[in-house]
Amino acid sequence: MIDIKARPFPYPLDPDHTALVVIDMQRDFIEPGGFGDSLGNDVARLAAIIPTVAGLIGFFRKQGWPIIHTREAHKPDLSDCPPAKRNRGTPSLRIGEEGAMGRLLVTGEPGSQIVPALAPIDGEIVLDKPGKGMFYATGLHEKLQGMGITHLVFAGVTTEVCVQTSMREANDRGYECLLVEDATESYFAEFKKAAIDMITAQGAIVGWSTPLANLEEAFA
Ligand code: TIU
């Protein structure tokens, strides 16, 4: 185990059993005209973390550790999109409707692609998920178990929605979870802070958080 400086106390990283999960760094959330924009959000906040996420991905590639990229994306016939999700609220466009980057949150459309600066490379896992959490209806737990993964490092968007949901799902399945706090972002600064506070409170009730520099420093 290698101790990483973290909140609320050092994170015990197991170099042989750790994977990175990059949550939903796709155009639909980060670029104008996508799903995030349709909900009335300022998407520019999210683009700002791309260089740090790229640095984190580069760190994992250098170590030779597994990387999983998720995308929130539904089947073209929307059979995996519950009406409760599609019909909620008054977005400018609904899931499956045609936007500036194709049909919103639909697999294979331009908007569902990961931003070019963070594009997956051969050997990395790319996982489409219909929910906010990465374990719901994906088979990911079985895949990670098959790989012998016990520790998960998290990055991506948005902190309090898909990242936090995925981290809570992972925590309940027994994974030791670390959130890289400058490699995640929310449309709402106060929600990012609150999510990290909630995750790390009560003796790391959900997991740990740390900036990328602490991870890099431990392996320098
Ligand atoms: N709306 C919002 O903050 N997030 C999502 O809908 N999905 C993810 O977080 N990926």
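Where does the ligand sit? In this predicted model, the ligand sits in the largest pocket, with more than half of its atoms within 2 Å of the pocket's grid points. Residues are numbered from 1 along each chain as its sequence is written. Local features need pLDDT of at least 70 and side-chain atom pairs count only at pLDDT 80 or more, while totals for chains, interfaces and linings use all residues; side-chain values use heavy atoms, leaving out hydrogens and water.

**View 1**

**View 2. Polar contacts (N or O pairs within 3.5 Å).** Lys132 places a polar side-chain atom 2.9 Å from a ligand oxygen atom. Taken alone, the ligand exposes 290 Å², of which the protein buries 93% (Shrake-Rupley method, 1.4 Å probe).

**View 3. The largest pocket.** A pocket here is an open set of points on a 1 Å grid over the protein atoms alone, where a 1.4 Å probe fits, with protein on both sides within 12 Å along at least five of seven lines; lining residues have an atom within 4 Å of a point. The largest pocket holds about 590 Å³ of space. Among its 31 lining residues, Phe35, Leu39, Glu72, Lys85 and Lys132 are the closest to its centre. The lining comprises 15 nonpolar, seven polar and nine charged residues.

Key:
A polar contact is a pair of N or O atoms within 3.5 Å; within protein, one must be able to donate a hydrogen and the other to accept it, and residues adjacent in sequence count only if both atoms are side-chain atoms. Grid points are joined across faces, edges and corners, and a volume is the space filled by probe spheres set on the points. Ala, Val, Leu, Ile, Met, Phe, Trp, Tyr, Cys and Pro count as nonpolar, Asp, Glu, Lys and Arg as charged, and the others, Gly among them, as polar.
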